[in-house]
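Subject: Structure for you to look at

Hello,

Here is the structure we talked about handing over. Please open it alongside this message.

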Amino acid sequence: MAGTRLYTAETEKLLKEKGLKCVCELCDCGGYHPHIGCTKGTQKMKSVFKRPGLSQAKTDYQQTYTPHDGAKPRNARKPLPRLRNPHPPPMDFRTVQRMDFITREPEPQGSCKFVEEYKRPDAKIDGKTVYGQDFVDRGPPEVVKITRPQTVTQHQGLKFQSATTHNQAFTHKVPIPQEAYAELPCYTGAILYPEKNTEGTT
């Protein structure tokens, strides 16, 4: 059973002015909000929302933030489509291009066939051309004589010099073996047991 709930004087005054029993009735979402200490009867919920004057009740948020003029509702419903006219008017096929277009008859064009109007000259043809006058024939070019170079041989009495720069400057280096990593020898056993060490070696 829900206990009585205490409200401030301003809240009780607002509930009396609106004709409401609980603060949850001030919500305009249309749903029921059960809470602890609710004084509204759940069975009479439908009749409470149909109470006269409840639709004009506004919350503190609605009073502070008033909607703009011409603002669409939150859940705007799309109107149903209109029925098509069973007897539509005839379609107008006139367009700007058809109205402004001017039909013109094509003009006949003359023949493009080439007419030969060449007249043979009376003077004799000398057979000279501009190329022949500018570029005179100078005959075949001179033949270049190719001579083979003379081979120079050394005297057979000289000895062959086999010394090279590599043999003279090369110094042979003997590789030094590097000691491998290992633990240092332990002499503790030889110091503690000198007899065993001598027996093992002999």
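Below are notes on the fold, the confidence and a few side-chain pairs.

The model is predicted, not experimental. Its mean pLDDT is 76, and 77% of the residues reach 70 or more. Among the elements, helix H4 (residues 96-100) has the highest mean pLDDT, at 91. The lowest belongs to helix H2 (residues 45-49), with a mean of 48. Over residues 44-49 pLDDT stays under 50, and the model has 8 contacts beyond four places in sequence for that stretch. Where pLDDT is low, the predicted coordinates should not be read in detail.

Fold and surface

The protein has 8 helices and 0 strands. Along the sequence that gives the pattern α-α-α-α-α-α-α-α. Of the contacts between residues at least 6 apart in sequence, 36% join residues at least 24 apart.

How much of the chain is buried? Of the 202 residues in the protein, 6% are. The accessible surface comes to about 22700 Å², and carbon and sulfur atoms account for 56% of that area.

Helix H1 (residues 9-18) is an example at the level of one element: it is hardly covered, with 1 buried residue among its 10. Gly-19 follows H1 and has a positive phi, near 75°.

Salt bridge

The structure holds 1 salt bridge. The partners are Arg-94 and Asp-92, whose closest N and O atoms are 3.0 Å apart. Asp-92, at 48%, is partly exposed.

Aromatic pairs

A pair of aromatic rings is described by the distance of the centres and the angle of the planes. There are 2 aromatic pairs in this structure. In one of them, Tyr-61 and Tyr-65 have their ring centres 4.9 Å apart and their planes at 40°, a tilted arrangement. Tyr-61 is exposed, with a relative accessible area of 59%, and Tyr-65 is exposed as well, at 55%.

Tyr-131 and Phe-135 also form a tilted pair, with 4.8 Å between the ring centres and 35° between the planes.

Regards

Terms used
Residues numbered from 1 in each chain as written. Predicted model: local features only at pLDDT ≥ 70, side-chain atom pairs only at ≥ 80, totals over all residues. Heavy atoms only, no water. Helix = DSSP H or I, 4+ residues; strand = E, 2+ residues; numbered from the N terminus. Buried < 20%, exposed > 50% of the residue type's maximum accessible area, 1.4 Å probe, protein only. Contact = heavy atoms within 4.5 Å. Areas by Shrake-Rupley, 256 points an atom, 1.4 Å probe, with all protein chains shown as cover. Salt bridge = Lys/Arg side-chain N within 4 Å of Asp/Glu carboxyl O. Phe/Tyr/Trp six-rings, centres within 6.5 Å; stacked < 30°, edge-to-face > 60°. pLDDT = per-residue confidence, 0-100.
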